[in-house]
Amino acid sequence: ELDELHRRVHLEALAIAFPLAILLLVTLGFLQLAIDLRSEDWSYRHVWPLLPLFYFLGLGVAWRHYR
């Protein structure tokens, strides 16, 4: 079981990752409306691996904040 600091770090990582993911998806949606993006390269199926990357980025920021 995680102690209070680990819980806070993971919550802060999610608080960073969630807005980044929403920003990515909204931007991608608006770009698809504005210009013709190739669905083979920029569909929602191809950008989901970025979501764990955002979480790990948030973990790095949160751990740096509490050190």
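## What covers helix 1

Among the elements that cover the buried residues of helix 1 are helix 2 (39–42), helix 3 (44–47) and helix 4 (50–65); buried means under 20% relative accessible area, exposed over 50% and partly exposed in between, with a 1.4 Å probe and protein chains only. The buried residues in question are Val9, Ala13, Ala17, Ala21, Leu28 and Gly29. Helices here are DSSP runs of H or I with at least four residues, numbered from the N terminus.

This is a predicted model, in which local features need pLDDT of at least 70 and side-chain atom pairs count only at pLDDT 80 or more, while totals for chains, interfaces and linings use all residues. Residues are numbered from 1 along each chain as its sequence is written, and side-chain values use heavy atoms, with hydrogens and water left out.

## The span of helix 1

Helix 1 has 31 residues, and the distance from its first C-alpha to its last is 45 Å, close to the 45 Å expected at 1.5 Å a residue. The expected span is 1.5 Å times one less than the number of residues in the helix.

## How helix 1 meets helix 4

Two packed helices are described by the angle between their axes and by the distance between those axes. For helix 1 and helix 4 the angle is about 135° and the axes lie 7 Å apart, where axes are lines fitted to C-alpha atoms, for helices over the stretch in contact, and angles run from 0 to 180 degrees between N-to-C directions. Helix 1 is therefore oblique to helix 4, since angles under 35 degrees count as roughly parallel, over 145 as roughly antiparallel, 65 to 115 as roughly perpendicular and the rest as oblique.

The residues that make this contact (heavy atoms within 4.5 Å) include Val9, His10, Ala13 and Ile16 of helix 1 and Tyr55, Leu57 and Gly58 of helix 4.

His10, which is found in helix 1, counts as partly exposed because its relative accessibility is 26%. Although His10 and Tyr55 are 45 residues apart in sequence, their C-alpha atoms are 8.8 Å apart in space, and their side chains make a polar contact at 2.4 Å. A polar contact is a pair of N or O atoms within 3.5 Å; within protein, one must be able to donate a hydrogen and the other to accept it, and residues adjacent in sequence count only if both atoms are side-chain atoms.

Gly58, in helix 4, is buried because its relative accessible area is 0%. Leaving aside neighbours within four places in sequence, Gly58 is in contact with Ala13 and Ile16, and the C-alpha atoms of Gly58 and Ile16 are 5.3 Å apart. Leu57, also placed in helix 4, is partly exposed at 46% relative accessibility, and its C-alpha is 7.6 Å from that of Ala13.

Definitions and conventions: Helices (H or I, at least four residues) and strands (E, at least two) are DSSP runs, numbered from the N terminus.
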